[in-house]
Amino acid sequence: MKLLEINNLQKKFGDKVVLKDISLTVEKGEVVSIIGPSGSGKSTLLRCATFLETMDSGELSYCEEKIVKNENGKSVYPSKRVMKEAHSKFGLVFQNFNLFPHYNVLKNVSDAPIRVMKRNKESVLEESRRILKKIGIDDKENAYPCELSGGQQQRVAIARALVMNPDMLYFDEPTSALDPEITAGILRVMKGLAEEKMTMVIVTHEIDFARAVSDRVVFMDGGVIVEQGKPEDVIDNPKNERTRTFLKKLSL
Amino acid sequence: MQKRMLKNKLSVLLSIILLCSMIMSIIYVSAPKVQAANEQKTFTVGFDAEFPPYGYKNDDGEYVGFDLDLAEEVCKRNGWELIKQPIDWDSKDMELTSGSIDCIWNGFTMDGREDDYTWSTPYIDNSQVVIVKSDSDINKLSDLKDKIVVVQADSSALAAFTGEDATDENKALAESFKDLQQVSDYNSAFLNLESDMVQAICMDIGVAGYQIESRGNIFRMLDEHISSEKYGIGFKKGNTELRNTVQNTLLAMKDDGKFDEIAKKWGLETSVCLSSEDKFLDDSQSSNTSSEQETTNSPNKLNFGDVLVQLLNGMQATLLIFVLTLIFSLPLGLLITFARMSRFKIVQWLAQIYISIMRGTPLMLQLLVVCYGPYYIFNISLDQSYRTYAVIIGFSINYAAYFAEIFRAGIQSVPLGQREAAAILGYSRAQTFGKIIFPQMAKHILPPVTNEIITLVKDTSLAFALAYTEVFTLAKQIAAAQASIMPLFVAGLFYYVFNIVVAFVMQRIEKRLNYYH
């Protein structure tokens, strides 16, 4: 099943075209990495897919249900109710975590399922603790974000996304704000999720990680998808000149 | 150890030197003034600038009046320079005692104050009269029963009703009123009367005649008078030398007709009573008994505790303004913040205009507009109880504007990522604000909000503009009655302690929220 389908997405900021005619499909269980130089539109694509930015034109479906329609070359968004339903399909892990500083770890993770999804409090707390344990941070449930290291905060952020039971997870450069020795731990957690067949779209600069976990790598530059395919094709044998230049710069 | 002691001693020494030099500089600065007073190059007359025709500000913005004309002539004849010093009537004794004015010359009633000043002989005989609206059904003094009557604070009208020498007749009359209120100036009194918040004003006949005429005869005077009294010039107790000089000049002016000419100019010729036959009040007693009298006859001085008890009502009133203003202005401020940050441009503008007016005009002016505006703009007659509401409304709408801007800064200080994280997790707009943004904003804005609250404690004293007797107004009244500055210190202490409590509570709250950053 196609979990995500984007067709002909265009996005401008003022006069500047950031995304030109992007189309992208993600199948259930697939892990897709998006790589590319900064300013290429990777993050904007992710923000459009998660409704943090509105699309100018193009259409978008979740679970083969059309959410954003394209009418007369303009994107049209549905009612609040439909949007709320669509929001429940995905989770997003931010580059700088964005944990709620006034809530402790357990409340950060469990508040949305209890308050927004109106799930049973006891079972949510139980599940939150289980996930925190799985992610390796169960001893910190009473700590506040300011008392945690960056790596620990990002683990909590991943747990917070997982407790919502999303169909897929987006990661926006999840390790860019972390020290190198902490990065490995987070990548290991994500690799674990990939092995459990979690559908993931990851914007990243970690080429080795992308090669190791991705089913597909997408290379973006200048607001378009330049090349996509299996990691061994795109990363190790890029066909396009721009991809080659980018990868060469990274390896130097 | 020794070194440290030496250091301590040194710092104590330094502070003493600093303190001494401060005192010296104050003395030095004020010294030339004292000298000038001795040589009597200048003559400073203290007067209430809202007391026509005796002394007031005319249409050209100059201080004029019967008493000031007299003073001008006296100065001319003695080669002095006249300084017209408008004073706050409640503070007249402090002004005189401190030497910042040479005399009080301003339709100054002698009755009941005989021993408090060194007096000239009386020069005007005045009566207290009652003023009502032209269409009022009050025609004689007995009609004032169960009515609200207003007088100027510390005026002769007030003394006629409640002073130590008030006649039993007048006391009984005052008892029959529904309420006897005090305002700080006659203009407020007429505002109150015109907007039906009170039914009658009691004041000096000379002032009354002038006021009724200049206000277009929508008021009238009752034929029955309340009491008769005499005006004199009050000098600092014991300053007979200056008094005698002025008195002699006045008598000379009376002889050559200049005095009557000035009286005629101000329409007071029928009230003039200056005569060379009159004796000085203090001449009739030997100096010994006079000083004895001062100690026995001076109003029974209140001690600290008594003043505190007398101020309790005022403290309650201040507390009421404070608490109610906070209860109303904080939520109102949040509402204005929402309007200010609204998606609709027009709502944004309205909020911006509101904030700009509230911050750009004096709070006292806003209080007056809120209190008297309904009558003058919409012609709505207002009940006496509206005064309290007006105070609360005025303070609340003013403080809401300041709080709104603090809230806006607070909301903007919460990182955008917090909103985005909440959106991704599916929080509604209300949930995002209430559960995520507001708690973080509250932590950020505590210091500026504490500032505002402390300012509010002190600003409550502005309620005196609406004759609302909070602690400061009351302290001024007691200070005037007692001729003592102590009640003001007690009021100051009250504000200070109040603010220490506020600061302490806010600090506790801040500590409470310190569990994260």
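## Salt bridges and a helix pair: worked exercises

A search of the whole structure turns up 26 salt bridges over all chains, a salt bridge being a side-chain nitrogen of Lys or Arg within 4 Å of a carboxyl oxygen of Asp or Glu. This is a predicted model, in which local features need pLDDT of at least 70 and side-chain atom pairs count only at pLDDT 80 or more, while totals for chains, interfaces and linings use all residues. Residues are numbered from 1 along each chain as its sequence is written, chains are lettered from A and ligands numbered from 1 in the order in which they are written, and side-chain values use heavy atoms, with hydrogens and water left out.

**Exercise 1.** Work out whether E127(A) is buried or exposed, and find its salt-bridge partner.

*Step 1.* Pick the partner: the side chain of E127(A) meets that of R119(A) in a salt bridge, 2.7 Å from N to O.

*Step 2.* Check accessibility, with buried meaning under 20% relative accessible area, exposed over 50% and partly exposed in between (1.4 Å probe, protein chains only). E127(A) has 16%, so it's buried. R119(A), at 21%, counts as partly exposed.

**Exercise 2.** Find what E73(B) pairs with, and see how the two residues sit along their helix.

*Step 1.* E73(B) forms a salt bridge with K76(B), and their closest N and O atoms are 3.8 Å apart.

*Step 2.* Both belong to helix 2 (residues 66-78) of chain B, and because they're three residues apart there, about one helical turn separates them. Helices here are DSSP runs (H or I, at least four residues), numbered from the N terminus.

*Step 3.* Now compare burial: E73(B) is buried at 9% relative accessibility, whereas K76(B) is exposed at 63%.

**Exercise 3.** Describe how helix 15 of chain B and helix 16 of chain B are arranged.

*Step 1.* Take the axes, which are lines fitted to C-alpha atoms over the stretch in contact, with angles running from 0 to 180 degrees between N-to-C directions. Those of helix 15 (residues 416-424) and helix 16 (residues 429-459) of chain B come within 11 Å and cross at roughly 160°.

*Step 2.* List the contact (heavy atoms within 4.5 Å). Helix 15 of chain B brings Q418(B), R419(B) and A422(B), and helix 16 of chain B brings T432(B), I436(B), I437(B) and Q440(B).

Definitions and conventions
Parallel < 35°, antiparallel > 145°, perpendicular 65-115°, else oblique.
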